[in-house]
Amino acid sequence: MLPPFRQIKFEAKLIMMRSLPFWIKATLLLIGLQFAMDILVGQAGGALASPILYPIDGSTNNLLTGFTRQSDRLLLLVRLEIPGIIVGATASLEALRLFFLYGGLFFLLMAPFKMGLLELLWRAFRGEELRFSDIFRWYTKPARIGKSVLVQFVVSAGSQILALIAMVPGYALYYVAYSGRFITAEEGLLLSALSLVAITVLFIGLLAGFFFYAILAPLAYCLAAQPEYSLTLVFQKGFGSIKGYVKRFFYFRLSMFHWHIISILTLGIAELYIFPYITFASLQFLQEAAIGRKEGAAQGERGGWQDSPPRRPDQLQ
């Protein structure tokens, strides 16, 4: 039986407060590197896209909802007949190439750093001594670099790809709703209803993407806790850590979704608090789930990488 979410979060905050200055410094470095990368990509011409806004008039009657290519640029347009505007984004093919090139290189460079940070979070959760230099320890072994890159790619890119797939029906409904040029009053009502359906479907797809991210996140926690695990064990134990608690873990992560919105609104600055807090809270949940599996061991339930852990973090095995 899991304790209330509020209790789990409270215990996570207590753990975080024991070494809060350390996490502020470590997360500040992570945020600083991310900002530096964004600036470098922008200076190199790798901006992902620029917003566009056109009024619907005689000069824009040929612009319809969808993707189009003009010379060396890609355009994504959405034609909104009722407000009488066309919104979208445009980017040059060269800018897109640079964006994904530099983004990929940055991901490869940062994957061991992020895994080192997760390992320190795990060690803090267990009450172990922390050394700032250990954040870079994952760069010292090629096998660890490879595993960190692969696991974080599955967690981040995998969940985003699955989210986009889940949102395809919503995109399709939007395309149907806004692909026409002229509408009557009756068609306008139908368009409005179809738009609401499209928004609902897109929101469901967004929730599905968050669900995928929630159930994949324990893979990174597992590798951080057990760096010597093979990839097979990482996937086996990582998914095993939420066995029987998948929905509850999703609801738990969803209860902290507002923190992600705050992070976006503050341009990532709030991650100084949010990143360690959500990580500690997730580890606390997984510990409680492992305790629940211990209590259900008579029925043959098995756990993840922390089978049968004690309740105290500093004794976690």
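Analyst: The discussion below takes confidence, nonpolar cores, the surface and salt bridges in turn. This is a predicted model, in which local features need pLDDT of at least 70 and side-chain atom pairs count only at pLDDT 80 or more, while totals for chains, interfaces and linings use all residues. Residues are numbered from 1 along each chain as its sequence is written, and side-chain values use heavy atoms, with hydrogens and water left out.

User: What is the mean pLDDT of the protein chain, and where is confidence lowest and highest?

Analyst: pLDDT is the predictor's confidence in each residue, from 0 to 100. The protein chain has a mean of 82, and 82% of its residues reach 70 or more. Helices (DSSP runs of H or I, at least four residues) and strands (runs of E, at least two) are numbered from the N terminus. Confidence is lowest in strand S2 (residues 66-70), with a mean of 71, and highest in helix H8 (residues 246-254), at 94. Over residues 307-317 pLDDT stays under 50; the model has 33 contacts beyond four places in sequence for them, a contact being heavy atoms within 4.5 Å.

User: Which residues touch the most other members of the largest nonpolar core?

Analyst: In soluble globular proteins, nonpolar side chains tend to be buried together. A nonpolar core is a set of buried Ala, Val, Leu, Ile, Met, Phe, Trp, Tyr and Cys residues joined through side-chain atoms within 4.5 Å. Buried means under 20% relative accessible area, exposed over 50%, and partly exposed in between (1.4 Å probe, protein chains only). The largest core here has 54 residues, and Trp23, Met115, Leu118, Val151, Phe252, Phe280 and Phe285 touch the most other members. At least two residues of this core come from each of H1 (5-17), H2, H3 (93-125), H4 (142-166), H6 (185-225), H8 and H10 (271-295). H3 gives the largest share, 11 residues. A second, separate core has five residues, including Ile52, Leu75, Leu77 and Ile86.

User: With which residues is Phe252 in contact, beyond its neighbours within four places in sequence?

Analyst: Phe252 is in contact with Phe5, Ile8, Lys9, Ala281, Ser282 and Phe285.

User: How many salt bridges does a search of the whole structure find, and which residues are linked in a network?

Analyst: A salt bridge is a side-chain nitrogen of Lys or Arg within 4 Å of a carboxyl oxygen of Asp or Glu. The search finds six, and Arg123, Arg126, Glu128, Arg131 and Asp134 are linked in a network of them. Arg123 meets Asp134 at 3.1 Å, N to O. Arg123 lies in helix H3 and Asp134 in the loop between H3 and H4, so this pair ties together parts that are 11 residues apart in sequence. Arg123 is buried at 13% relative accessibility, and Asp134 is buried at 5%. Asp134 also forms a salt bridge with Arg131, at 3.2 Å between the closest N and O atoms; Arg131 is partly exposed, at 48%.
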